[in-house]
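Have a look at the model first, then go through the points below.

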Amino acid sequence: MEVNRVVKTGHPEMQRQRITMAEIGEVKRRHIERNLLYSPKEAGQVLGKSVDTILALVKDGKLIAADDAVAHGRKASNGLKITAESLEAYRQSIIVPPETWSQ
């Protein structure tokens with residue numbers, strides 16, 4: 001596998017670009033976050049929260065579900081899936097920086 005291989009973009013007016021392995025890894029990570037889905041139970045395990053809390057976070061719009069079952073009053077067992085991207089965004093939003101720990 002070649003690193004920093006020159007790749008043609010396919011468009012004659014665009015310049016050739018060097019693509020690093022780090023850039024490829026970042027694209028893969030973003031793709032997985034956008035497309036990976038978790039059940040409410042799995043999401044609860046990732047965040048250390050109960051299924052009821054996960055469902056409340058979906059209902060409040062803090063987590064994004066691929067299906068809006070909660071909004072329509074259906075049970076979580078009926079196919080509700082939460083995006084990995086929204087789990088990561090929520091996780092980042094609740095992180096307390098170390099410099100504020102003593103406050």
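This is a predicted model: local features need pLDDT of at least 70, side-chain atom pairs count only at pLDDT 80 or more; totals for chains, interfaces and linings use all residues.

A contact here means heavy atoms within 4.5 Å. Residues are numbered from 1 along each chain as its sequence is written, and side-chain values use heavy atoms, with hydrogens and water left out.

**Overall layout**
- The protein chain has four helices and four strands, taken as DSSP runs numbered from the N terminus (helices are H or I, at least four residues; strands are E, at least two).
- Going along the sequence, the order is β-β-α-β-α-α-β-α.
- Of the contacts with a separation of 6 or more, 42% link residues 24 or more positions apart.

**Burial and surface**
- Of the 103 residues in the protein chain, 20% are buried (under 20% relative accessible area, with exposed over 50% and partly exposed in between; 1.4 Å probe, protein chains only).
- The protein chain exposes about 7,900 Å², with 53% of that coming from carbon and sulfur atoms (Shrake-Rupley method, 1.4 Å probe; for residues, only the protein chains shown count as cover).

**The core**
- Ile82 also belongs to the largest nonpolar core, together with Ala43, Leu47, Ile54, Leu57, Val58, Leu63, Leu87 and Tyr90, nine residues in total (a nonpolar core is a set of buried Ala, Val, Leu, Ile, Met, Phe, Trp, Tyr and Cys residues joined through side-chain atoms within 4.5 Å).
- Two or more of these residues come from each of α2 (40-47), α3 (51-59) and α4 (84-93).
- α3 gives the largest share, three residues.

**α2 against α4**
- These two helices, α2 and α4, pack at an angle of about 30°, with axes 11 Å apart (axes are lines fitted to C-alpha atoms over the stretch in contact, and angles run from 0 to 180 degrees between N-to-C directions).
- That makes α2 roughly parallel to α4, a label for angles under 35 degrees.
- On the α2 side, Ala43, Val46 and Leu47 make the contact, and on the α4 side Leu87, Tyr90 and Arg91 do.

**Ser39**
- Ser39 lies in the loop between β3 (37-38) and α2.
- Its relative accessibility is 16%, so Ser39 counts as buried.
- Not counting residues up to four places away in sequence, Ser39 touches Leu80 and Lys81.

How values were computed: Angles under 35 degrees count as roughly parallel, over 145 as roughly antiparallel, 65 to 115 as roughly perpendicular and the rest as oblique.
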